[in-house]
Amino acid sequence: MKIGTDIIEIKRIAKAIEKPKFLQKYYTENEINLIKKRGTKVAATNFAGKEAVSKAFGTGFLNFGPIDIEILRAKSGEPFVVLHKNAKQIFYDKYKFINISLSNSKDYALAMVIFS
């Protein structure tokens, strides 16, 4: 089992997502659509989630990028992680499940990830 956490200032991500290149580098098309529907806090919690996943790998973004980690929501609102490309291969070589919890306040977004 591995754990990763991250916390980020929402205003930092709000400023960053104004730049289309940032959006395209860090978020998938599905995530961008979610951000357009639900706003800045989703962008910030997803960013924290991607960082938390990279920390659970223990390598940061070595051999894959943030775009290879997709964080979506079930109809119930529960977040879930979809891995792509090399991140997917590296994960399934060692683990079977990813659990993610996202939270935010007025100023901060927080993510915790557990690989098992």
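**Stop one: the pocket**

By class, the lining of the largest pocket holds 11 nonpolar, one polar and three charged residues. Lining residues have an atom within 4 Å of a pocket point; the pocket itself is an open set of points on a 1 Å grid over the protein atoms alone, where a 1.4 Å probe fits, with protein on both sides within 12 Å along at least five of seven lines. Before moving on: this is a predicted model, with local features needing pLDDT of at least 70 and side-chain atom pairs pLDDT 80 or more, while totals for chains, interfaces and linings use all residues. Numbering runs from 1 along each chain as its sequence is written, and side-chain values use heavy atoms, without hydrogens or water.

Select F80, V81, V82, I98 and N99, which lie nearest the pocket's centre. β3 gives the largest share of the lining, five residues.

**Stop two: the hairpin**

Now show β2 and β3, strands being DSSP E runs of at least two residues. They pair in the antiparallel sense over five bridges (pairing takes at least two DSSP bridges). Find R73 opposite P79, then G77 in the turn, with a positive phi of about 100 degrees. On β2, I69, I71 and R73 point one way and E70 and L72 the other, all buried (under 20% relative accessible area, 1.4 Å probe, protein chains only).

**Stop three: around Y27**

Select Y27. Leaving aside neighbours within four places in sequence, its contacts (heavy atoms within 4.5 Å) include I13, F22, F47 and I67.

Key. Helices (H or I, at least four residues) and strands (E, at least two) are DSSP runs, numbered from the N terminus. Ala, Val, Leu, Ile, Met, Phe, Trp, Tyr, Cys and Pro count as nonpolar, Asp, Glu, Lys and Arg as charged, and the others, Gly among them, as polar. Buried means under 20% relative accessible area, exposed over 50%, partly exposed in between (1.4 Å probe, protein chains only).
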